[in-house]
Amino acid sequence: MTTGWFDRLHTALNARGWKPSILQTRSGRLLITEHNARLFAIEIDGLDHNALWHDPTHENPKSNAALIGGDRLWIAPEVAYYWDSLELARQDPGGNARNPPQVDPGHYTTTHTTDQTLSYHATVELTDSRVDKSIRFEVQRSFRVAQSLPTLPPEVRCLSFALDNQLTLTAGDDGALAGGWSISQLPTGGTLHCPTHGRATSVTSYYDPFQDRVEIDDTGVRFRIDGQAKVKMGLPAETTTGRMGYYRETGSGAVLLLRAFPTLPGEPYVDVPIAAPADQRYGTDVLQAYNHDGGPNTFGEMEYHDPAIIVGTQPQSRSGTSVTHALFGPVDQIKAVGETFLGMKLRLI
């Protein structure tokens with residue numbers, strides 16, 4: 001099945017010189033650009049819109065929208081590289097944020113391509129604004145078609161892919177650090193389900209209070225994405241099971257994005273809240289969720305971190321592989337598949 005939005009997006013990105021490529025699967029297509037090595041769109045047969053979020057103005061080749069969408073590689077910690085100072089971050093996180101061009105869009109080149117795999121490479125150099133320390137590293141980012149979940153009902157469509165990120169240290173000031181951080185931007189109107197080992201006792205708040213957007217029970221944490229407040233949540237590596245799922249209902253069924261990712265308690269995860277002391281170098285969170293406050297054209301995010309590379313310590317290379325299953329089908333059947341995968345009840349909050 002071919003849907004107009006996907007082809008318009010592919011045509012526009014190609015005209016803009018972003019070098020889009022398509023990975024075809026049995027149940028849909030993935031649209032990936034060399035620009036930012038970004039998974040821009042997931043098309044699932046039967047679904048009339050992107051399973052991820054993208055700014056719809058990007059379907060116009062002349063768009064200059066600041067927000068893009070899709071799944072991208074970010075570099076942690078946020079407090080080090082996305083504000084010019086910790087003071088500015090605390091004064092106005094949204095108004096003072098900036099995207100380092102070394103990260104977004106980055107300077108990626110295609111290193112490998114087949115009908116099932118795409119790989120990209122970049123060299124990145126960043127300076128930690130908190131301590132004025134620089135780090136230089138190589139990035140390898142790869143996408144490949146993966147096996148779908150087994151024994152699915154025939155009415156459920158499933159598109160599966162694996163994502164590999166690798167950071168390799170090449171130079172820097174002693175103690176400088178960088179961690180790989182995968183971020184999928186999501187349409188609003190759904191709930192992110194984050195299963196845990198028992199009831200979560202440590203849930204980090206990074207920005208505004210959660211209010212009623214977070215629900216905790218003995219099986220996991222639910223995070224509502226409504227695009228109405230700047231809210232970010234984190235779960236430590238020892239709490240999460242290494243799985244998460246974003247559930248959203250449409251007029252014709254339900255969409256579910258399931259992701260399995262590595263968790264390594266005791267390894268150095270480095271993202272910390274803006275309220276953390278300036279000398280706090282390490283956090284604990286591997287899973288994060290974000291709710292944006294961007295008005296009518298807004299989004300949420302499902303995120304996970306890999307441990308950091310640190311100048312002066314081993315290892316000098318860190319990698320992580322996640323697997324994502326994008327599903328669309330009848331509500332009851334999608335819920336059953338998701339609850340089996342996640343081990344918690346799916347519901348909107």
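1. Contact here means heavy atoms within 4.5 Å, and the helices (H or I, at least four residues) and strands (E, at least two) named below are DSSP runs, numbered from the N terminus. The model is a predicted one, in which local features need pLDDT of at least 70 and side-chain atom pairs count only at pLDDT 80 or more, while totals for chains, interfaces and linings use all residues. Residues are numbered from 1 along each chain as its sequence is written, and side-chain values use heavy atoms, with hydrogens and water left out.

2. Helix 5 (residues 331-342) has a buried set made up of Ile334, Val337, Gly338, Phe341 and Leu342, where buried stands for under 20% relative accessible area, exposed for over 50% and partly exposed for what lies in between (1.4 Å probe, protein chains only).

3. Just after helix 5, glycine 343 takes a positive phi of about 75°.

4. Glutamate 339, which also lies in helix 5, is partly exposed, with a relative accessible area of 22%. Its neighbours within four places in sequence left aside, glutamate 339 is in contact with Met344, Lys345 and Leu346. The C-alpha atoms of glutamate 339 and glycine 245 are separated by 9.5 Å, although the two residues are 94 apart along the chain.

5. Helix 1 (residues 4-15) can be read in the same manner: its twelve residues should span 16 Å at 1.5 Å a residue, and its end C-alpha atoms are 17 Å apart, which agrees. Trp5, Phe6, Leu9, Ala12 and Leu13 are buried in helix 1, and they cover an arc of only 135° around the axis, which puts them on the same side of helix 1. An α-helix has 3.6 residues a turn, so residues three or four places apart point the same way. Strand 1 (20-25), strand 2 (28-33) and strand 3 (38-44) are included in what covers the buried residues of helix 1, while Thr11 and Ala15 are exposed on the face turned away from the buried side. Helix 1 is followed by glycine 17, whose phi is positive, near 85°.

6. The largest pocket holds about 600 Å³ of space and is lined by 30 residues, of which Leu67, Arg72, Trp74, Asn99 and Glu301 lie nearest its centre. On a 1 Å grid over the protein atoms alone, a cavity is a set of points where a 1.4 Å probe fits but cannot get out, and a pocket is an open set with protein on both sides within 12 Å along at least five of seven lines; lining residues have an atom within 4 Å of a point. Grid points are joined across faces, edges and corners, and a volume is the space filled by probe spheres set on the points. Strand 9 (177-186) is one of the elements that supply at least two residues of this lining, and strand 9 gives the largest share, three residues. By class, the lining of the largest pocket divides into 14 nonpolar, six polar and ten charged residues, with Ala, Val, Leu, Ile, Met, Phe, Trp, Tyr, Cys and Pro counted as nonpolar, Asp, Glu, Lys and Arg as charged, and the others, Gly among them, as polar.

7. The structure holds one cavity of 30 Å³ or more, and the largest cavity has a volume of about 40 Å³. Its lining consists of Ile42, Leu52, Asp71, Phe161, Ser184, Leu257, Arg259, Met302 and Thr324.

8. Some backbone details deserve a check. The peptide bond from aspartate 104 to proline 105 is cis, with omega near 15°, and a cis peptide bond with omega about 0° joins glutamine 314 and proline 315. Aspartate 132 has a positive phi, near 55°, and is exposed, with a relative accessible area of 61%.

Note on methods:
The expected span of a helix is 1.5 Å times one less than its number of residues. The arc is that of the directions from the helix axis to the C-beta atoms.
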